[in-house]
Amino acid sequence: MTVKAILELKGHDVLTIGPNEKLSDAIRVLAERRIGALVVTNGDKKIVGILSERDIVRTIAKDGAAALDHPVRDAMTAKVKICNEHHTVNEVMEIMTAGRFRHLPVERGGMLDGIVSIGDVVKRRIEDVEREAEEIRAYIATA
């Protein structure tokens, strides 16, 4: 299973925010949409950062309530790990585990093409394992 297959099932839609937007606006979007991260773009689908719940917590811990008026760029992770549609589920799991994050933007031609979460990856991996187990049961039953 590849990232391309995951995106074909879940779609390519990604919620984004600009680096100059207020952190409070980002928090509102995360809460309303019940998601854990926003990809930060300049409006041209070029990835300039990612803002996760963890980034927000760190910023508020450091600056208190005043952080809510800070621009997203002050809290975002600028060095974004990305993947492309050819990465496998196992490769994406390795990237997420090594980086200790739960969201990985998908880039195509230098532009944002989607996002995969740890939930997407685990779901696909479980489906693979269940399918393999069923194939083994069928093989044993016919032997």
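User: Is the crossing of α2 past α3 left-handed or right-handed?
Analyst: In this predicted model, the axes of α2 (residues 23–33) and α3 (residues 53–63) come within 11 Å. The sense in which α2 passes α3 is left-handed.

User: Which orientation class describes α2 and α3?
Analyst: The two axes cross at roughly 140°. Angles over 145 degrees would count as roughly antiparallel, and 65 to 115 as roughly perpendicular. The relation of α2 to α3 is therefore oblique.

User: How many nonpolar, polar and charged residues make up the contact of α2 with α3?
Analyst: From α2 the contact involves L23, I27 and L30, which meet I56, T59 and I60 of α3. By class, the residues of this contact comprise five nonpolar, one polar and no charged.

User: Which strands stand at the edges of the open sheet?
Analyst: The sheet has three strands in the order β1-β2-β3, with mixed pairing. Each edge strand has a single partner, so one of its sides is left without a neighbour in the sheet. The edge strands are β1 (16–17) and β3 (47–52).

User: About what angle does the direction of α2 make with that of β2?
Analyst: Helix α2 packs on the sheet and touches β1, β2 and β3. Its direction relative to that of β2 makes an angle of about 135°.

User: What is the bridge partner of T16 in β2?
Analyst: Strand β1 pairs with β2 (residues 37–41) in the parallel sense, over two bridges. Within β2, the partner of T16 is V39.

User: Which residue of β3 does A37 stand opposite?
Analyst: Strands β2 and β3 pair in the antiparallel sense over five bridges. In β3, the residue opposite A37 is S52.

User: Which residue in the turn of the β2 and β3 hairpin has a positive phi?
Analyst: The hairpin of β2 and β3 has five residues between its strands. A positive phi of about 95° is found in this turn at G43.

User: How many residues of β3 are buried?
Analyst: Burial requires under 20% relative accessible area. Strand β3 is mostly covered, and of its six residues the number buried is five.

User: What percentage of the residues of the protein count as buried?
Analyst: The protein comes to five helices and five strands, in the pattern α-β-α-β-β-α-α-β-β-α. Its C-alpha atoms fill a box of roughly 70 × 30 × 25 Å along the principal axes. Of its 143 residues, the buried share is 33%.

Note on methods: Residues numbered from 1 in each chain as written. Predicted model: local features only at pLDDT ≥ 70, side-chain atom pairs only at ≥ 80, totals over all residues. Heavy atoms only, no water. Axes fitted to C-alpha atoms, helices over the stretch in contact; angles between N-to-C directions. Helix = DSSP H or I, 4+ residues; strand = E, 2+ residues; numbered from the N terminus. Parallel < 35°, antiparallel > 145°, perpendicular 65-115°, else oblique. Left-handed = near helix turned anticlockwise from the far one by under 90°. Contact = heavy atoms within 4.5 Å. Nonpolar A, V, L, I, M, F, W, Y, C, P; charged D, E, K, R; others polar. Pairing = 2+ DSSP bridges. Buried < 20%, exposed > 50% of the residue type's maximum accessible area, 1.4 Å probe, protein only.
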